[in-house]
Amino acid sequence: MTNVEEKQFTLSGEPFLQLRHVSKRFGGVQALENVDFEILLGEVHALVGENGSGKSTLVKIATGVLQPETGAEIIIGGKKVTFLTPFEAHHLGIHVVHQDLSLFPNLSVAENIASHFYLEGFRSFVDWRKIWERSTEVMEKLGVSLPLDVEVRKLPIADQQLVAICRAIAGYARLIILDEPTSSLTWKEVNRLFTFIRGLKEQGIAILFISHRLDEVLEISDRVTVLRDGKKVGTFPTRELDQSKLSFLMTGKKLAFTRDTRMHKVAPEVLRVENLSRTNQYRDISFSLRKGEILGIIGPRGSGRTEMALSLFGLNPPDGGKIYVEGKEFRGESVQRAISLGIGYVPENRLLQGLVLDQSVENNLVITVLKKLLEKGRLLDPRRKQEFARQTVKDFGIKASDVEAPVRSLSGGNQQKVVLAKWILTEPRILILDTPTHGVDIGAKESIYQSMVELTEKGLSIILISDEEQEVMMVSDRILVMKGGKIVEEFDARSMAEEDLRRKVRE
Amino acid sequence: MKFQMRRQTELYLLAIVVVLSIFLTVMNPKFLTLENLFDLLRNNSFLGIVALGELIVLISGGIDVSFTATATVAQYIMGVIISRTMVNSVLLAFLIPIPIGIALGAINGCLVYYTRVNPVIITISTLNFYYGVLMFISKGTWIYKFPPTFREFAKLKLFTLMSSKGVPFGVSIFTLFWVILGIITFFLLKYLPIGRKIYAVGGNLEAARRAGFNIFRIQLFVYCYIGLLAGVAGFVHAELNQMIQPNAIVGMELDVIAAAILGGASVFGGVGTVGGTFLGVLLIAIVKNGLILMKASAYWHEVIMGSIIVLAASISAYQRKLQIRREKGRFVEEQLF
Amino acid sequence: MWKNSSFKVGDIQIMALVFLLAGLLLLMSFLTRGKLLEIQSLQAIAFQLPLLGLLTLAQMGPMVSGGIDLSIIATANLVSIIMALSMTRFFPSLHAPFAILLGLLLSLLLGMVKGFFVALVSVPAIIATLGLMIFIRGVSLVITRGYVIAGFPRDFLFIGNGTVVGIPTSFIIFAAFAIFMYILLSRTRFGLELYLFGSNPVATLFSGVDNRKVVFRTYLLSSFLAGVASCVMASRFNAAQADYGESYLLLTVLACVLGGVSPSGGSGRVLGITVSVIILQVVATGFNLLGFSSHLASALWGIILLGVVLFNRLVFG
């Protein structure tokens, strides 16, 4: 192993992994078509593309999880590899830090970092001293200091991520693939991660950075490879790109949504929040929401925005302050009460929080309105229930083979429609949308914005939580900026330029 | 290594065991005599040995309820062989149940790996199967005709002391079995790569797969190990009772699981220690013994054990809630965990 | 397109079970030279089936919720003992209906205790009910000191041994509760919420379902059904004891899984459960007629369950 270790500091700038003419087909779908890809040692290379563009297939081929079709060439460290297995890829220094980190939560930091010892040359006994030394050595090299003996599950997520990266380095990684590494980090933590990544770069490690956050891609990467519909659009030096160019390269079209009819301030107030606080989460939140208004709340993760929204939905009782819904006081005690007051919440993580994937479209749709479907004797009429579900599917344009099909079988956009539909069915007066366009492609984005505007025209009020400046600027009437658990700024959406907003959020 | 949470469980348990022992000694000084303690360790060696196997399965994220049938089948086959041939060798008798236990465990391991179905279901099925076939073939006949060395072996002690009444007593050979197996299991979990991999698999199966661990080999090992221990325990049980009744062991599955859980193992996997499991078994043994010494009805035993399990689980559930509130402050996780 | 649907899996599994049942009936009647299909044997099946059937229904709710109830047999035994004491010692003059009422009230009380620990304290179901099983069995042992309480009044014995127009009373009770469970699970708000909760409790929480109420009611229901089973059990054996029928515990889990209840929750229908209980009982009664040991039947149950599990793995991957 030692010669690999020595080599890794000397070859910055050399190509480490080269893929040529890579194609892959699943059934009738061409996931990748004749894609070439190259990553250099000491380079941060970003891979971007919309859902279904072939990003994950490419990564799986690079790590030996999937085999490309014949005609492809894989060259690692200058040597051609004929049949790449996951084991082989690992051995050659290709490591993935998955979005879920794939750590062992019940084992110590040291053991997680040095867990590769259990695979190689460790046939006899566990040498605890060696584990200790190796993990200390790696952490020192990377300038990380974490307690070695603490169980990983007790660390904050950002520290766990560092452990995962240290583990890759301890396993002699020369290419580290970071899959959506910033998705659950706060803004501060993202900055720390970037400093860390730059450190890795200096040590001659190749980094493949996969993210849907274009601003982060532009900040950290040296080059960007863009995929669209399984084809490579191109590889570009990052300094030649900006956010709108990159977005255009990914989608092939410009986000065409514009909202012309913004509301005036005369409408009655439907929600008023006064000095709402919850320890360690947010404090002194005050704002009001008018009928037919879209209120955008923007702030990085960890700013308390989701926690505050959950409080409005009865899932996170505040310890101080008041909530008035159409004049009635609400203490945030239960979801049932929130619903009866006319509040709906479309959660951030639709797969886990929004839908019961294994159950039918029908059951997912009726869950919020069962009370209305009860006949006398408090029984449900299955035919009426199905009829109701069919009608809803039609009304919302949900594409499903049948209402009895499980939600799992629907596409992402249609799943999002099911979540939205089940809340519209409750006839809410206030709808909270938590990052509704996360992971949704550009066409679906536009249709979500469109339906938001249509809903407000019918008198619904919407709170839109987002971390994309462009989105809140385009859709909302008013914008609140949240940072560190507080509202730091409130202004009219028309009174500010997107760049100014971006600066305000990031500063 | 510092495992704060786990140590905490063990410390609580140790405290309970100590307090209980003091209480019992005050109530009846006979409790804290070496004679009584040696007896207690001897009588619970079967429970102690199989609990070690269950511990390993629980750490790996599995569960095994079929080990009672495995132990019964293993000891019964041993009984049939030695009572028919009357081969006068304890070593030979001891060596018979072990491969049987490993083989039956291997079947469990393969089924758990290939079907990917909850191991409770798999081992309930094999429990029914192993035990049903045994009862069908044996027709429930008892075996009590053993070769003389087999009978003598049960009286073997590490050393012999004299009680005040002039009755000899000492640490039974079966207690030694238990202790040695405990040390082996401890060593295996802490110093063998397979032991660390068992913790890893129990902590995060998917991560273990991605890290390149051979999941099949690990699961096979785990179920074979409890099979092996069930085999040894079957031998110990036959020796302790000097007879083999096919229906004597089956039905104890949940008591053994309770001992392991009391000792800090989790049904969700990844957690548990040999020391904790030992204390868990000891607690059960002391409660049972204490009731007898206090001349209370032995039937209170289960009431007390049940209360302890529910109470311990409630406290740990409550602590988990508090911890979530402290660390994340999120009401949602608190409601769900 | 939706091969993975739990509903389709359920349908196919029920169909496979029906075929299995038909095959078994054919095989058994061939082996017994038609004896299995004679009126006496069918009646024997109808007499023996309700106990397992009711206990399996009791196990079903907790399993659909993604949990398990290990304490149903212990509950049934304690209820039997209290009914027995009421009829033989405390209130012999008040007859069976009073004892039954007392027993069912006790079962509801025990259900509330289970619901409290599982739903409100959030102890994992398997541990909470394991502890309560040991506790409840202990209480029964303390009360009875391990003895059997026997000799019940005639009207009570009618439940387990009487017939109404040739159909065993206990079978009618089972059928009634199977229909009751069917309606409860497929036609009520509670039932639908239970399935959704069993599949994904986070999503139900975010959809305004009161998760705690659903879980609490599930264990209440389960205990109540265990109480009903206890009436049948005590009446059939004409006796009550602390550890009757313990082998039924794992059997109810087996019957549920065989009937299509996923151990991870969210699926399973009463129809499937009923067919699976009938299969288990036909095997038992058939083997009895053939003079085989009941243990061979239990071995076969194990094999059947493993067969179903492997079948699902091979067909659905």
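Colleague: How many salt bridges does the rule find across the interface of chain B and chain C?

Modeller: A salt bridge is a side-chain nitrogen of Lys or Arg within 4 Å of a carboxyl oxygen of Asp or Glu. Across the interface of chain B and chain C, the rule finds two. The side chains of Arg137(C) and Asp255(B) form a salt bridge, at 3.8 Å from N to O. This is a predicted model, in which local features need pLDDT of at least 70 and side-chain atom pairs count only at pLDDT 80 or more, while totals for chains, interfaces and linings use all residues. Side-chain values use heavy atoms, without hydrogens and water.

Colleague: What area do chain B and chain C bury between them?

Modeller: Buried area is the accessible area (1.4 Å probe) that two parts lose on being put together, summed over both. Chain B and chain C bury about 4100 Å², 77% of it on carbon and sulfur atoms. In chain B, Leu254(B), Tyr299(B) and Glu302(B) lose the most area to chain C, together 15% of what that side buries.

Colleague: How many residues of each chain are in contact?

Modeller: Contact means heavy atoms within 4.5 Å. By that rule, 46 residues of chain B touch 48 residues of chain C.

Colleague: Which residues of α6(C) meet α7(C)?

Modeller: Helices are DSSP runs (H or I, at least four residues), numbered from the N terminus. Phe158(C), Ile159(C) and Gly160(C) in α6(C) meet Thr169(C), Ser170(C) and Ile173(C) in α7(C).

Technical notes:
Residues numbered from 1 in each chain as written. Chains lettered and ligands numbered in written order. Helix = DSSP H or I, 4+ residues; strand = E, 2+ residues; numbered from the N terminus.
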